[in-house]
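Subject: Structure for you to look at

Hello,

Please open the structure below and keep it beside this email while you read. My notes on it follow.

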Amino acid sequence: MSSVQHAAPARVGKVLSAAQVETFRRNGYHFPVRAISEGEADSYRDMVETFEFDHGLIMKTPYRNKPHMVFKWANQLIRHPRIVDAVEDILGPNLLVWGTSFFIKEPNDPAYVSWHQDSTYWGLDPADIITAWVALSESSAENGAMRVIPDSQKLEQIPHRDTFAADNLLTRGQEIAVEVDEAKAVMLALLPGEMSIHHVRLIHGSEPNPSGKRRIGFAIRYLPTHVRQIVGTHDSATLVRGVDVFHNFEPEGRPDADLSEAALAVHAGVTGEQQKVMMRDTKRATYR
C-alpha cells in the first residue's frame, strides 16, 4: 500500500469533507468535485479552441504535455484555488505540479486510453501523487469518459506492456499486463467544470468516442514537496502552494506570454528531460 494510504490525516474542510477524504483513501478516487464554474470551463475551452483555430492544428504534441509552461491560461488553471484546495485536503499544504496533459477525443474518434496506472513510467517516489482531471466539456458514457477500478491503488505497481498503438492516447500505449475485471469498473461522468481526483496507482482507462461531441479533459498531476525523481537526473515542477524545503525539483516559472520564444525554449528543455524518463528502455526519443 502506498504512503498516501498511511499518511497522517490531512487538513479537511476547504473543499472535501472528512468523509470524502476517507472515501478517496479507501477507493483511490473521488468525484465529482466542482472545480471551476461552467462558465469558466467554457472560457478555458474557448482558449483551447481559439489556439487550435489560429494555428490550424489540434492540441497535440508538443503542446499537449506541460501546456502550463507555454500558455498563461493553463498556468492559471493549475493554481485555481478551489482545485488546489481540494488537493490540499488530501496531500497537505505544500504542493507542486509535476505535469499537465490534455486528453482530447474528437467526435467519432477511435482514440482510447488503455487500462493503466499513472505511476508506471514517471520515476517518482513515494506514490503520494494525485491526478486532478478537469472536464472542459461534458465527459460521459456517450463520449468516452474515464473508468476506474475501485480500490486498485492498493495493488502497488503492476507490470505493464508497451503497445505504441496509434489510437492509444498514452505515451507508450502502455497497458496493464494482467487481466482487469471490467465488471468492477466505475465510470466518472463529469459536467463541464467538474473534476475527478484519483491516486497515481489507481487502474483507469477510457473507451473511444463514437458520439458527435468533443471530449476535452485537462489532467493536472499534483504532489507534495517531499516526493522526488528517482530515475531521471533532471526534473522540474511548479510550486503552486506553500513552501518547498526539499528542493527535489528544479523550479518552473510562469510563461511571460502565450507561446513566447522564451516560454517555448524552456518548455522544450523541460519536456526533453521528461521524455528521457518516460521513454527510457525504448528506442523512441519522443512521446506523443
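Helices (H or I, at least four residues) and strands (E, at least two) are DSSP runs, numbered from the N terminus. This is a predicted model, in which local features need pLDDT of at least 70, side-chain atom pairs count only at pLDDT 80 or more, and totals for chains, interfaces and linings use all residues. Residues are numbered from 1 along each chain as its sequence is written, and side-chain values use heavy atoms, leaving out hydrogens and water.

Start with helix H2, residues 18-27. After H2 comes Gly28, with a positive phi near 90°. Buried means under 20% relative accessible area, exposed over 50%, partly exposed in between (1.4 Å probe, protein chains only). In H2 the buried residues are Val21, Phe24, Arg25 and Asn27.

Next, strand E10, residues 194-199. Six of its six residues are buried, so E10 is largely enclosed by the rest of the structure. Glu194, Ser196 and His198 point one way from E10, while Met195, Ile197 and His199 point the other way.

Two strands pair if DSSP finds at least two bridges between them. E10 pairs with strand E1 (residues 29-34) in the antiparallel sense over four bridges, and Val33 stands opposite Met195. Strand E5 (residues 130-135) also runs antiparallel to E10, joined by five bridges, with Ala132 opposite Ile197.

Finally, an open antiparallel sheet has four strands in the order E3-E11-E6-E9. E3 (113-116) and E9 (186-187) are at the edges with a single partner strand each, so one side of each has no neighbour in the sheet. Two bridges pair E3 with E11 (residues 204-206), and Val113 has Ser206 as its bridge partner there.

Regards
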